[in-house]
Amino acid sequence: MLDFLTRFFKPERSGATAKERLRLVLLSDHLSLAPDVVESLKRDLIEVISRYCEVDVANTDVSFEQQDSAVAMLANIPILGLRNGRSTPPASPTAPPYEPPSSATPAHAALAHEPQAAADTALVTPTVETAVPADTVTSTVEPAKPKAARKRRRRRPNLSQQAPAT
Amino acid sequence: MQEMTPQNAAVAASVPKPRGRAIVVTSGKGGVGKTTTTANLGTALARTGARVVLIDADVGLRNLDIVLGLENRVRSHVLDVLEEKATLEEALVIDKRVPSLQLLAAAQTREKDEVDTAQMKALVERLRDKFDYVIIDCPAGIEAGFQNAIVGAEEAIIVCTPEVSAVRDADRVVGLLGNAMKVQLIINRIRPALVKKGKMLSVEDVNAILRLPLLGVIADEPDVIVSTNRGEPLANDDTSRTGASFRAIAGRIAGTDTSKPEIPQEPTFFEKLFGGRR
C-alpha cells in the first residue's frame, strides 16, 4: 500500500537517472587514471597546501566536473589559518563531521585525457576559501555551512586564472 | 579541348571548382537509424535538385538498398569498383523516384577488412567531382568498417537516440572523428510523451552531453517502420510529419533552411481529437 502511494505521488522519472548515470560514465570514459590515484592526488594536494596553511582535512573535497569539452578538477579545501602565525584560529567547534565525497564524485575518476582538451584539463580550482587574504579567513571559512551552499560559491576554473597568490 | 597539363591543373585547382560535400552518417551504436537517416536525407536533398550519391559502407551487411527499395537493381557493389571489376557507372544504381539520387551498394558476401582505406578515400574523392553530396552510411562499431567509412568524409552527422548506450557510443565516436571533421547531430526516436513524463532523456539532456550543433530531431513514429517495410523513404511522402522533419534537416544541411530545429511535442488534446496537425 505504501509502495503504491509513493508511486502515485512520486512518479518515477528514470530520464533523470539516465542523465546522471550517463554523466558519471562519460566522466570516467574521458579520464584515464586508476581509481586510487584520486585519493593520492587529494593527499598530495593537502600536503602541499598544509606547508603554507592550516587545512581542515576532514572537510576537503576533490571532485571532477564536465565543463564544455574538458573535465575540470574541483578542489574544495577549507583553510583554517596560515602557518606563519599571523592568523591561526582554532577549528570551529560547530564544524560538521567528515562527510564522504558525494556520489557525484566517482571513486574511479581520474585526470582527463580528451585529446583536444589536454591543455585545459586538470585545473585545480581555488575555492573561495583558499583565495582569500589571511585576515578575512575566519569570516569565509564557514565550516558549518552545508556542503551544497559551499558548492554554489565555487569559482569555475579558468585558464587565465592564477592559483592563489602568496 | 585543351590537354590537362600540370600547369593547367594547378590553375584549375586554384579556381575553386565546386566539389561535392562528403558527409558520413555514423553513430557508434547499431540500430539507431543510420541507414534510414541516410536514405531519407539523400532523398530529401535529391528532391531539391542536388546530385546525391549514397555509399553503403556496411560491407557484409548491405541494407541501404533495401531501405531505398532498390535491392533488385543492384548489379555491382563498392568492392567491385575498388577492385576494378566494374566501372563506377555500372555500379551506381539510379533511384526509381528521384533520378538525381544514386546508390553505391555494399558488398554482401565480403568482409569489412577487405576494403582498402586509401582506395576508399580515392573513391569518395572521385565521387565528389560528379555529385553535390556524397553521403556515406557508416557501419556500427569503431573498427575497420568505421575507419573506411569516415576516411573520405569532411563532415559527419551523428545519429543518436535518447538512450544511455547510444549517447555514450556517440560521445566515443565524436572523440574518434577528430577536430578536422565538421560534426552535427540528429536525435532520432524521441517520444515526446515519455520525455514529458520524465521517463526519457530529452533533446536537451542528450545535447548537454554531446554538445553538437543540432540538425534536427526525429520523433519515434510508426510510419518509419511502414516506410522501411515498403522501401519507400518518408522524405518522398509530402503528408508525413517525419518526412517533413527529414526535408527540414536536408534544408539545414544545404544551408537553405536557417530555422532552429523543431523539437517534437506531444499532440494536444484537440490535435489528438482531430487527428493531429497534418
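The following legends describe close-up views of a predicted model.

**View 1. The open sheet of chain B.** Eight strands of chain B make up an open sheet with mixed pairing, and their order across the sheet is β3-β4-β2-β5-β1-β6-β7-β8. The edges are formed by β3 (93-94) and β8 (214-219) of chain B, each of which pairs on one side only.

**View 2. The pairing of β1 and β6 in chain B.** Strand β1 (residues 21-26) of chain B runs parallel to strand β6 (residues 155-160) of chain B, and the two are joined over four bridges. Within this region, I23(B) has E155(B) of β6(B) as its bridge partner.

**View 3. Two helices lying across the strands of chain B.** Helix α2 (residues 34-47) of chain B lies across β1, β2 (52-56), β4 (101-104), β5 (133-137), β6 and β7 (182-190) of chain B, and its direction makes an angle of about 165° with β5(B). Helix α10 (residues 203-210) of chain B, in turn, lies across β6, β7 and β8 of chain B, at about 150° to β7(B).

**View 4. Helix α8 of chain B and its surroundings.** Helix α8 (residues 164-177) of chain B has 14 residues and, at 1.5 Å a residue, should therefore span 20 Å, which agrees with the 20 Å between its end C-alpha atoms. Its buried residues are A166(B), V167(B), D169(B), A170(B), D171(B), V173(B) and V174(B). The elements covering these buried residues of α8(B) include α2 (14-30) of chain A as well as β1, β6, β7 and α10 of chain B. After α8(B) comes G178(B), which has a positive phi near 85°.

Note on methods:
Residues are numbered from 1 along each chain as its sequence is written. Chains are lettered from A and ligands numbered from 1 in the order in which they are written. This is a predicted model: local features need pLDDT of at least 70, side-chain atom pairs count only at pLDDT 80 or more; totals for chains, interfaces and linings use all residues. Two strands pair if DSSP finds at least two bridges between them. Two residues are in contact if their C-beta atoms, placed from the backbone, lie within 7 Å. Axes are lines fitted to C-alpha atoms, for helices over the stretch in contact, and angles run from 0 to 180 degrees between N-to-C directions. The expected span of a helix is 1.5 Å times one less than its number of residues. A residue is buried if 20 or more other C-beta atoms lie within 10 Å of its own, exposed if 12 or fewer, and partly exposed in between; C-beta atoms are placed from the backbone.
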